[in-house]
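Please keep the sequence and the model in view while reading.

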Amino acid sequence: MGEWLQFFELNEQSWSWDQQKAEEAWRKMNVIRAFEEKSIELYKQGLMGGSLHSYIGQEAVATGVCMNLNTDDYITMTYRGRGQAIAIGADPYKLFAEMLGRKDGYCKGKGGPMHIACRELGILGANGIVGAGIPIAVGSALTAKYRKKGQIAVTFFGDGATNQGAFHEALNLAAILKLPIVFVCENNLYSEMTPIKYSTLNEDLAERGAAYRIPSIVVDGNDVRAVFEATKAAVNRARLGEGPTFIEAKTYRLAGHMFGDAETYRSKEEVAEWRQKEPIKRFQQVCLQEQLLDEQRLNEIQNQIYKEIDTAAQQAMEAEQPGMEEIFTDVY
Amino acid sequence: MSTKKIVTYAEAINEALREEMHSDPDVILLGEDIGSYGGVFKVTKGLLDEFGRDRVIDTPISEAGFIGAGIGAAMTGMKPVVEIMWVDFTLVAMDQILNQAAKMSYMSGGQTKVPLVIRTQGGGGRGNAAQHSQSLETIFAHVPGIKVVLPSTPYDAKGLLKSSIREGCPVIFIEHKMLYNQKAEIPSEEYFIPLGKADIKRAGKDITIVSISRMVHFCLDAAKELQKEGIEAEVIDLRTLVPLDLELVKKSVQKTHRLLIVHEATKSYGWGAEVAARIQEEAFDELDAPVYRVGAEDVPIPYNLNLEKETLPQVRDIVDAVRNSLYLSI
């Protein structure tokens, strides 16, 4: 197992980002946070159908990974996947419109919060079935390899997905075909309402990538810098035709599995402890310590984002409903 | 002038794959033992040598994994044809087929198309017992978003598969294991058969018999026997369940005023019930007798060949059902 499994440590001495990169990360993480907070507000007002699964607390994973991607790369993600969509550049207005089931939504209001897809950004789709997007991403990596244009695929999934058959089948297939794909496991410690430690005996889920002879890395998922650097190496490997990489980003879901979840499976103290380690707060400290961005600039960006998100949500609430003819379009 | 040649059902499918792979470099094959082994029923024989490992991909035994990969490849511009060795094995990959492939276009608001063909084979007749003999077509036909094709002849198999690969949406193409060695004439030139067009395999005026896949041949044999007593049965091969060519069935019923539906799938909740319901809704006044169905007994398929034969519909059952519909003694 040893040679296949690594624990990524960010080298604080050699690490350096310029102001532009720091702003990009700060901006993306804050847009995701603001978007998710606003979504909860809209959900509470009864403006959305179904369930809402918040991404709050995991922003560093989507941001750190997607900062390495191009829009002709392919992405699949989960029902918690607005974070990744925003990180790759999705328009908050069109996302809100989709969440509210409106005509202007990415999926014309026919997919909803769990099924965000955006073809022009390479987002093949969020998925309502745990683990199901993983083999689909493997298939897009097959296309990428066949086309030889340097594209890669990235698939995001949770800790719970690593117990699904589709996960294991997909990893094995990608390994033997040496496909250009990065598997990103966001281990937020809870598989829906059950602690992952009760669902598997592997403490590090990256062991499961290593088991298939895929180079596998455990990384601090609440440190956007570490996620970025670890992914950069994985993306390079994929682009060079060296095959798949598995990244386990250890993070924490600050909200429940879905809105309204009673969260009886964890203590308030545990959540409070993780709140101290949450990714936006941590990156803010880094920016200040390293004098990358000062407090005024950080706040300025943040305030502007919250305003923009408010506007986008307001516009989406005023957007048109899809016509009834949409029931019968796009079936095939 | 068109020329003809004689091929088996398996060779006809092989030709369809070869022609489509020649005409479109995005057509690739995935499946178990399809490469150097050429597939358990030898349908993909010779294709690895001709097109190489990039396009003819032997997969691990992991149907959910490689159907999923087929979906992802299809969504990103390829036209994968995935072989599932036995239709019974699709059941371990139903999430990928029915939750993923069948819903991607709709859920994405039409942003994503899934031009994927899942080729497989079903049916009984060779003592493969309950997990290798099923007729599961109704399951797929019941879930919107996937087209369902079941060819009965070499001619249909080739023309329908070529169209399926170009259909631009998920298609499940269910071959019949007992038909692979059946020989028939096909044109030497390229041809296509559109999905959703049923075919009158035998014209008649006294009763309409609607069927699909191997049972079409049983219906034709039954029609021959009935002819001896002066009964002229019209045999319609639906060829595809989705889309369903109900119009042709209706037209035939307007002529014969009697309808019998024959399928190898278990009778209860089978597609025959759907056709019967639709005909009574849309052509009730045309009927001179109840719509009858012949299907397999509602049991898992037994291994013993005598028991298997008794479980599956036979020519005798079809003849009896026709006589029943014509109010003749059985």
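This is a predicted model: local features need pLDDT of at least 70, side-chain atom pairs count only at pLDDT 80 or more; totals for chains, interfaces and linings use all residues.

Residues are numbered from 1 along each chain as its sequence is written, chains are lettered from A and ligands numbered from 1 in the order in which they are written, and side-chain values use heavy atoms, leaving out hydrogens and water.

**Confidence**
- The model has an ipTM of 0.96 and a pTM of 0.97.
- The average pLDDT of chain B is 97, and 100% of its residues score at least 70; pLDDT is the predictor's confidence in each residue, from 0 to 100.

**Chain B as a whole**
- Chain B contains twelve helices and 14 strands; these are DSSP runs numbered from the N terminus, with at least four residues for helices (H or I) and at least two for strands (E).
- The radius of gyration of chain B, 20 Å, agrees with the value near 20 Å for a compact globule of 330 residues; it is taken over C-alpha atoms, and the globule rule is 2.2 Å times the number of residues to the power 0.38.
- Of the 330 residues in chain B, 62% are buried, meaning under 20% relative accessible area (1.4 Å probe, protein chains only).

**Sheet in chain A**
- Seven strands of chain A form an open sheet with parallel pairing, in the order E1-E8-E9-E5-E4-E2-E3; two strands pair if DSSP finds at least two bridges between them.
- Its edge strands, E1 (5-7) and E3 (123-127) of chain A, each pair on one side only.
- Three bridges link E1(A) in the parallel sense to strand E8 (residues 216-220) of chain A, where A:Leu5 stands opposite A:Ser216.

**Sheet in chain B**
- Five strands of chain B make an open sheet of mixed pairing, ordered E9-E11-E10-E13-E14.
- The edges are strand E9 (199-202) and strand E14 (292-296) of chain B.
- Strands E10 (residues 207-211) and E11 (residues 233-237) of chain B run parallel and are joined by five bridges; B:Ser211 stands opposite B:Asp237.
- Helix H8 (residues 215-228) of chain B lies across E9, E10, E11 and E13 (259-266) of chain B, at about 170° to E11(B); axes are lines fitted to C-alpha atoms, for helices over the stretch in contact (heavy atoms within 4.5 Å), and angles run from 0 to 180 degrees between N-to-C directions.

How values were computed:
Buried means under 20% relative accessible area, exposed over 50%, partly exposed in between (1.4 Å probe, protein chains only).
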